[in-house]
Amino acid sequence: MALDGCGLVCKFFLVLFNVIFALVGLAFLSLGLWLRFSENTRPIFNIEELNSSTFVIAVTVLIVLGTIMLIVVTFGDYGACSEKRGALQVFSCLVALLAGAEICVGVLAYSYREEVGVRLGELYTNIYTIYAATGDAALAVTLLFIHNWLHCCGVTGIKLIETVKDTCPSPQGFLEHIAMPSCPVTIMGIFKSKAFVMLCIFIGTGALLLVALICSVVLGCQLRQSTSSPQYIVLTQSTPAMVTPEPNPQIISSSLHDQDPVVITPLSVVTIPVPQA
């Protein structure tokens, strides 16, 4: 259907947004499923005492969040590319719920920043302990990402005694060859000192979801207008019809004065086909 400039921009933004959203959701779901069903970490979920641990909760959140994101992307891409109003309406509802949840989680995390920092430190300790015992590849990638992002190394920070020193970042300075910041302490300190930055990240992500929601609503409105408009052209001026001139009767005067004049109407010309020899 024909869309104006605003509709095309909204459609392009929705497609780009859904592609990025799909990659992030696929990464969350893949990491969560790997940690859940890997041979090294699967026994953790079979122990009832560990079902409420931070590691199990984090893996469950990854799987659920990744699944929800992929469902949202499916409706968003189908609605934007195929220009289906029904799919866009479902996408708008899901994005609105995600945006509200994102902002609420950010506010709660900021309000309970000390407890959240402790929980995140416990999560790192659980990942560290499981990796040290099993050497799981998914946990190695996770630790490598955390270490390079926060520039820390293990639980103690001393590379000579750390069992995960192969995932630690390159030292910056002479002293860091001996000891680097401890990751649990760094995580708790960053979340306490930069809780406002974390809140801004959550709110910014929610605002991005709201922009996607607005684009979806605008695109849906334009599709509704184009659907309700007539698909034919209405003529505003009547076309003049071809009027066949009526033959003028010819009056022939009679030479006799006692008789009335005879009116002869000319016959219409009829084309008679002539047979060819």
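UniProt positions are given here in the numbering of this structure, and such annotations may be inferred rather than shown by experiment. Keep that in mind for the first view, and remember throughout that this is a predicted model.

View 1. The unreviewed UniProt entry carries the annotation "transmembrane region" for residues 12-35, 55-75, 87-110, 130-150 and 196-219.

**View 2. A nonpolar patch on the surface.** Four residues, Phe-12, Leu-16, Ile-20 and Val-24, make up this patch. Let's pick out Leu-16, which belongs to helix H1 (residues 5-37). Leu-16 counts as partly exposed because its relative accessibility is 42%.

**View 3. A salt bridge between Glu-83 and Lys-11.** How many salt bridges does a search of the whole structure find? The search turns up two, and this view shows the one that joins Glu-83 to Lys-11, with the closest N and O atoms 3.2 Å apart. Glu-83 is in the loop between helix H3 (54-82) and helix H4 (85-111), while Lys-11 is in helix H1, so the pair ties together parts that are 72 residues apart in sequence. Are the two partners buried or exposed? Glu-83 is buried, because its relative accessible area is 16%. Lys-11, at 22% relative accessibility, counts as partly exposed.

View 4. Glu-122 counts as partly exposed, with 34% relative accessibility. Arg-119 is partly exposed too, with a relative accessible area of 44%.

View 5. Which residues of helix H7 (residues 183-193) are buried? They are Cys-183, Pro-184, Thr-186, Ile-187 and Phe-191. These residues cover an arc of only 165° around the axis, so they end up on the same side of H7. Now look at the face turned away from that buried side: there you'll find the exposed residues Val-185 and Ser-193.

**View 6. Thr-142 and the residues it touches.** Thr-142 is part of helix H6 (residues 137-150). Its relative accessibility is 16%, which means that Thr-142 counts as buried. What is Thr-142 in contact with, leaving aside neighbours within four places in sequence? The contacts are Leu-31 and Ile-127.

**View 7. Val-105 and Phe-202.** Val-105 has its place in helix H4. Along the chain, Val-105 and Phe-202 are 97 residues apart, yet 7.6 Å is what separates their C-alpha atoms. Val-105 counts as partly exposed, because its relative accessibility is 44%.

How values were computed: Residues are numbered from 1 along each chain as its sequence is written. This is a predicted model: local features need pLDDT of at least 70, side-chain atom pairs count only at pLDDT 80 or more; totals for chains, interfaces and linings use all residues. Side-chain values use heavy atoms; hydrogens and water are left out. Helices (H or I, at least four residues) and strands (E, at least two) are DSSP runs, numbered from the N terminus. Buried means under 20% relative accessible area, exposed over 50%, partly exposed in between (1.4 Å probe, protein chains only). Contact means heavy atoms within 4.5 Å. Patches are made of residues with over 30% relative accessible area and no salt bridge: like charges are joined within 9 Å, nonpolar side chains (Val, Leu, Ile, Met, Phe, Trp, Tyr) within 5 Å. Accessible areas come from the Shrake-Rupley method with a 1.4 Å probe; for residues, only the protein chains shown count as cover. A salt bridge is a side-chain nitrogen of Lys or Arg within 4 Å of a carboxyl oxygen of Asp or Glu. The arc is that of the directions from the helix axis to the C-beta atoms.
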